[in-house]
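Let's look at how two parts of one protein chain meet. Keep the model open beside you as you read.

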Amino acid sequence: MDIKKIREDFPILSRTVYGKPLIYFDNGATTQKPRLVIDSLVDEYYSVNANVHRGVHYLSQQATELHEASRATVREFINARSINEIIFTRGTTEAINLLVSSFGEEFMEEGDEVILSVMEHHSNIVPWQLLAARKGIAIKVIPMNDKGELLLDEYEKLFSDRTKIVSVTQVSNVLGTVNPVKEMIATAHAHGVPVLIDGAQSVPHMKVDMQDMDADFFAFSAHKIYGPTGVGVLYGKEEWLDRLPPYQGGGEMIQHVSFEKTTFNELPFKFEAGTPDYIGTTGLAKALDYVTGLGIDHITAHEHELTTYAMQRLKEIPDIRIFGEAAHKSSVISFLVGNIHHFDMGTLLDRLGIAIRTGHHCAQPLMQRLGIEGTVRASFAVYNTKEEIDALVAGVERVSKMF
């Protein structure tokens, strides 16, 4: 890939911060947007804006066609079997909350169990805790080793006749660990248990295939794969979605309403109450088309090369501690240097034009397992370069000398 040419697709990368060229290593939080995605949002507001579905006028029909074409693009990108399995949400967080609420309401009762992992994002912990407070379910946690790899033998031991669902991340947003979700799903299915996969940190970096993975549910966000904010996807096998009750009530998700009884719409609309972000879904489709055009395998290879190089270079820094050295690792590196507080490191790197993230990264139970309060996190995307990594290393060394 021509990275220089790719960088030209992202207008924000040409700006400066404090008089320094921007080096953007906060892709795990959100990616920058290529011009074609931004242009698609503007163009649709200018020329096609009208509420989707049921409208008889031209603009509504055109907007509906774009919105549903976006659903088809998502289906193809993740290799789902049907567009009925693609539910548009506001992001991974809402997708998980939808599943927890609907699944928990229909299939879980007091004493039932959900299996999570120690490395989950808060959005895959707190909704289950809310369900536990409401219905008295129990949460079991898969432990990990010091390299940041889940202990699959211990995972197997967590299953019981009360286990109703497994909900785990495919890639840790802190450690970069790529979990063996296909194997974990097979284990769960052997126990007759469905699985939800949090794909927020995997979809931008590697090929995901619902047919091959065999996940029952899968969630991801547009803004982490070069798309707009406020849009996400919940994939669910059609046989499961048919059995789940709606998450929210209102327009769009109904078939017929009377004060005596309401019947619900067919899939996928049963789970899409209210006006969707039909402009944002077009932006998501454009982003997925962009990734497809570059080639997800090429992106994976480039980011793997960056991550390997960054790990090597960062280890040259005295007193550095890197958290997460799993055999299978994606493009996230979390670290601390000596006793320098992660906030201080991040603040001073920012003055050098280097954007990284500091803190607990919405993974406080994982921080407790690691025995720390937070880390400095650098996360990479297709437009990042080895030269930028060299600048990061030089910046960390410069800050370290100040302390």
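A salt bridge is a side-chain nitrogen of Lys or Arg within 4 Å of a carboxyl oxygen of Asp or Glu. Across the interface of domain 1 and domain 2, this rule finds 1 salt bridge.

## About the model

This is a predicted model, where local features need pLDDT of at least 70, side-chain atom pairs count only at pLDDT 80 or more, and totals for chains, interfaces and linings use all residues. Residues are numbered from 1 along each chain as its sequence is written, and side-chain values use heavy atoms, with hydrogens and water left out.

## Two domains

Domain 1 covers 3-30 + 295-401, and domain 2 covers 38-293; such bounds come from an automatic or database domain assignment. Their C-alpha centres lie 28 Å apart.

## Where they meet

In contact (heavy atoms within 4.5 Å) are 37 residues of domain 1 and 33 residues of domain 2. The two domains bury about 2,800 Å² between them, with 55% of it on carbon and sulfur atoms. Buried area here is the accessible area (1.4 Å probe) that two parts lose on being put together, summed over both. Ile296, Leu366 and Arg369 supply 20% of the area that domain 1 buries against domain 2, more than any other three residues.

## The salt bridge

Which side chains meet in a salt bridge? They are those of aspartate 146 and arginine 369, at 2.9 Å from N to O. Look for arginine 369 in the model: Arg369 is also one of the three residues named above for buried area.
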